[in-house]
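I opened a new notebook page for this model. These are my entries, in the order I looked things up.

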Amino acid sequence: MKLEGKVALVTGAGSGIGKEIALCFSREGAKVGVADITADAAAETVKEINAQGGEAIDIIMDVSDESQVDAGVSRLVDRYKSVDILISNAGVQHIAPLNELLLKDWKRMMGIHLDGAFLTTRACLREMYKNNKGGSIIYMGSVHSKEASKLKAPYVTAKHGLIGLCKVVAKEGAEHGVRANVICPGYVRTPLVDKQIPEQAKKLGITEEEVVKKVMLVNTVDGEFTTAQDIANVALFFASFPDNSLTGQSLIASHGWFME
Ligand code: NAD
């Protein structure tokens with residue numbers, strides 16, 4: 001097991017990619033803080049982790065709320081005496097062209113993606129810096145951390161921003177043994193993606209099938225979706241990597257949609 005004795009906080013772990021990472025990390029021996037804004041979803045993930053013999057607690061938090069994040073990380077540390085890995089993953093999508101985009105929706109997106117990443121990072125760093133214990137911070141970026149798509153201005157902006165945050169954490173954290181990296185998935189068939197297929201079809205005036213084939217997967221090498229398990233494998237690679245040689249990086253797993 002690659003994460004024996006480690007404690008991981010996974011945000012957005014009630015669904016999709018975060019849930020898969022929480023289950024995977026538990027199988028690898030980590031104790032998991034299952035953080036989500038949706039209580040039922042977090043409780044269900046904890047139940048599934050317990051059913052596979054793992055240890056986890058649910059932590060209900062809105063990642064954009066300072067006091068909820070600080071309280072949630074304190075609860076995890078009280079329970080398991082550490083936090084060694086942060087997966088900053090909670091996220092939502094908002095589909096609108098720039099000329100129709102409302103400031104309140106822009107701010108909500110920045111709040112969840114960027115305030116959320118900052119607040120969870122700060123709370124975890126304060127623990128990881130104690131006695132220079134160190135740790136691994138992993139941000140859920142996107143191909144949209146590198147590339148743009150129409151109708152997704154706040155998402156693309158925020159996902160690019162995570163790369164900047166990651167690089168600063170890598171520099172400041174190094175002397176304390178803290179590494180930071182970004183995972184950039186292509187399209188993964190989760191509720192986040194399922195919701196936007198009809199929205200994009202309507203806004204672009206094409207069918208849902210065309211959104212999948214001609215928008216989402218058009219530039220992949222094989223027309224395939226990336227899977228949550230693929231992303232969990234990348235997260236495990238970053239989380240179990242032993243030293244600062246791999247820090248400040250972003251890795252794209254997208255069936256070749258975007259190549260650097
Ligand atoms: P999902 O909708 O399946 O899961 C997101 C989870 O985040 C949900 O459980 C939701 O309740 C939770 N959440 C939402 N807002 C929150 C908040 N303010 N505080 C705490 N929790 C909150 O989505 P997913 O596809 O698994 O996406 C997870 C991450 O992966 C997101 O950051 C997303 O941008 C990123 N991502 C997804 C894809 C994809 O194709 N699915 C591709 C690239 C990146």
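**Ground rules.** I am working with a predicted model, where local features need pLDDT of at least 70, side-chain atom pairs count only at pLDDT 80 or more, and totals for chains, interfaces and linings use all residues. Residues are numbered from 1 along each chain as its sequence is written, and side-chain values use heavy atoms, with hydrogens and water left out.

I take helices (H or I, at least four residues) and strands (E, at least two) as DSSP runs, numbered from the N terminus. I call a residue buried under 20% relative accessible area, exposed over 50%, and partly exposed in between (1.4 Å probe, protein chains only).

**Cores.** I looked for nonpolar cores, meaning sets of buried Ala, Val, Leu, Ile, Met, Phe, Trp, Tyr and Cys residues joined through side-chain atoms within 4.5 Å. In soluble globular proteins, nonpolar side chains tend to be buried together. Here the largest core holds 33 residues. Ile21, Phe25, Val32, Val34, Ile87 and Ile183 touch the most other members. Two or more residues come from each of β1 (7-11), α1 (16-27), β2 (31-36), α2 (39-51), β4 (85-88), β5 (135-140) and α8 (228-240). The largest share, 8 residues, belongs to α8.

I then followed Ile21. Leaving out residues up to four places away in sequence, I found that Ile21 touches Val10, Ile87, Met140, Ala232 and Ala235. Contact here means heavy atoms within 4.5 Å. Another core lies apart from the largest one; this other core has 31 residues, including Val7, Ile57, Val69 and Leu162.

**Strand β6.** Why do I call β6 largely enclosed by the rest of the structure? In this strand (residues 178-185), 8 of the 8 residues are buried, so the rest of the structure largely encloses it. I checked both faces of β6, and both are covered. Val178, Ala180, Val182 and Cys184 are buried on one side, and Arg179, Asn181, Ile183 and Pro185 are buried on the other.

Next came its pairing, which requires at least two DSSP bridges between two strands. β5 and β6 pair in the parallel sense over 6 bridges. Ser136 stands opposite Arg179 in β6.

**Cavity.** I searched a 1 Å grid over the protein atoms alone, where a cavity is a set of points at which a 1.4 Å probe fits but cannot get out; lining residues have an atom within 4 Å of a point. Points are joined across faces, edges and corners, and a volume is the space filled by probe spheres set on the points. I counted 1 cavity of 30 Å³ or more. The largest cavity has a volume of about 80 Å³.

Its lining has 13 residues, with Ser88, Asn89, Ala90, Ile112 and His113 nearest the centre. α4 (103-128) and α5 (153-173) are the elements that give two or more residues to this lining. The largest share, 5 residues, comes from α4.

**Single residues.** Thr38 sits in the loop between β2 and α2. Thr38 is partly exposed, at 39% relative accessible area. Thr38 and Ile60 are 22 residues apart in sequence, yet 6.9 Å apart in space, C-alpha to C-alpha.

I also noted Leu151, which has a positive phi of about 75 degrees although it is not a glycine. Leu151 lies in the loop between β5 and α5. Is Leu151 buried or exposed? Leu151 counts as buried, at 14% relative accessibility.

His255 is not a glycine either, and has a positive phi of about 55 degrees. I found His255 in the segment after β7 (249-253). His255 is partly exposed, at 24% relative accessibility.

Terms used
1 Å grid on protein atoms, 1.4 Å probe; cavity = no way out; pocket = protein on both sides within 12 Å on 5 of 7 lines; lining within 4 Å.
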